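Please study the sequence and the three-dimensional structure shown here before reading on.

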Amino acid sequence: MTVTASPLSFTSLPPSPQADPKYFEEFGREVHGFDPENKDVVMDEIMEALYKYQVLLFRDLKLTPKQQFEMTLAFDPTAQSYGHGNNKTGSEKKSILHPDLKTIPHRPEVQLIGNGKVPGNYEGLESPQLKHPHHKTFHRDPVSDEDEAKGITRFYRWHIDAALYKLNPPKVTTLYAVSVPKGEWQTLRYDDGTDDTLSLPKGSTVFASGKTMFDILPAEYKSVAVRTTVKYAPHPYVWMSNAHALPTGLGLETEGLELPLDELPPWTESELKALPMCWKNPVTGGLHLQVHPCAPQAFSIAPLPAGAPRDSTTLYPDGAEITDIGEVRELLYKLQRPGIDPKLLFAAEWKEGDLVLFHNRGLLHSVTGAFAPDELRMFHQCNLAASTEPVGPDAADMAAYA
Ligand SMILES: [Fe+2]
């Protein structure tokens, strides 16, 4: 038997200026030596690396929508549809995601996203008009025009790519850069009472490890995180369609603007998503704090396990059902905000031909920046509603953290 050496090699990601290298030992890799024509022989290695490192960056690829779909499908061969389903008609039209996605007709699991008007026929779409989301359409208190002209930006919206109603969160998202306008660097401001800023390339996609987000929490918050089940709103992107984001893009302001549940498209209890707050990595066994910051409606916190020590720092020792939306958001912000500290983030500097695979069940990500109407930016994005739900903490995790 001949054993062929893998053509792949892995190096650390190009560091962002503020990144603290100690948080990147196990977060992010650039992959070298990948040929899409021979992807099948290396997909097992790529999949293992993705779960280990959460973000994989490939440079200078030529990748067809079919190849991208096949790479995405390899992670979950029985997955059936795009991560948000393919129904964007009728009452679903109010979803805040609707304008951002153009479906490629011959490969409907792959979406064209970006900015500007694409000339001519593109992959079966006639001159598609793309629009990069601008934070001023979503944040309650956006950056002033004056500051924006100086290159100040925000995180648009931290999220997981997931419908969070009826469909399971995709395991992986693949993003392939077809056309990237030249851009200067910008300063991203948190504007949440801290002086935190992040220096990043215009239009960067930013990634925050859910494992780091969990690991850096104090013990009393880890205990809450492993005991909590997150109950998501029905049709969350319609439900939140009138709501505004916090200045960090990490969740919503509580202003009572969510749609009443009886004004949403038809929904049933059985299709609601109630998911663990921490999701177990299928390769490393690590816990990732994985909550869509905007979409939860309630938390169900289990009591401490029998015999678990309790002291004055213990939170919710007897469990709790938190149904007040303001209280849900306040607790979630305390759990997630430390994990988006500037020193923890990978900010991608996109170049044409880049492919990024990210572990959608292991991190949060956000769009940043803004583009003028004539700046053409084109990406192919693919993810698939998973065949199974994420797995929460096991008995050993509860013994270690609860
Ligand atoms: Fe996304």
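The model is a predicted one, and the values discussed here are computed from it.

Which residues of α7 are buried? They are Val 328, Arg 329, Leu 331, Leu 332, Leu 335 and Gln 336. Because these residues cover an arc of only 165° around the axis, they lie on the same side of α7. Their cover includes the helices α4 (210–215) and α5 (219–227), together with the strands β17 (287–289), β18 (296–301) and β19 (320–322).

Helix α2, residues 65–74, may be read in a similar manner. Its buried residues are Pro 65, Gln 68, Phe 69, Met 71 and Thr 72. The arc they cover around the axis is only 160°, which places them on the same side of α2. Among the elements that cover them are α1 (43–53), β5 (110–117), β10 (172–179) and β23 (377–383).

Attention now turns to a sheet. Three strands form an open sheet in the order β20-β13-β22, and their pairing is antiparallel. The edges are held by β20 (346–347) and β22 (363–367); each has a single partner strand, so one side of each is left without a neighbour in the sheet. Strand β13, residues 205–209, pairs with β20 in the antiparallel sense over two bridges. Within this pair, Val 206 stands opposite Ala 347 of β20.

The wider arrangement of the chain comes next. The domain assignment divides the protein chain into domain 1 (9–211 + 339–383) and domain 2 (217–337 + 394–401). Taken over C-alpha atoms, the centres of domain 1 and domain 2 are separated by 24 Å. Contact between them involves 35 residues of domain 1 and 36 residues of domain 2. On the side of domain 1 that touches domain 2, the elements giving two or more residues are α1 and α4. The largest share of that side, three residues, comes from α1.

The largest nonpolar core has 98 residues, of which Val 55, Leu 56, Ala 225 and Leu 345 touch the most other members. This core draws at least three residues from each of domain 1 and domain 2. Leaving aside residues up to four places away in sequence, Leu 56 touches Arg 29, Val 31, Ile 46, Ala 49, Leu 50 and Leu 357.

How values were computed: Residues are numbered from 1 along each chain as its sequence is written. This is a predicted model: local features need pLDDT of at least 70, side-chain atom pairs count only at pLDDT 80 or more; totals for chains, interfaces and linings use all residues. A nonpolar core is a set of buried Ala, Val, Leu, Ile, Met, Phe, Trp, Tyr and Cys residues joined through C-beta atoms within 7 Å. A residue is buried if 20 or more other C-beta atoms lie within 10 Å of its own, exposed if 12 or fewer, and partly exposed in between; C-beta atoms are placed from the backbone. Domain bounds come from an automatic or database domain assignment. Two residues are in contact if their C-beta atoms, placed from the backbone, lie within 7 Å. Helices (H or I, at least four residues) and strands (E, at least two) are DSSP runs, numbered from the N terminus. The arc is that of the directions from the helix axis to the C-beta atoms. Two strands pair if DSSP finds at least two bridges between them.
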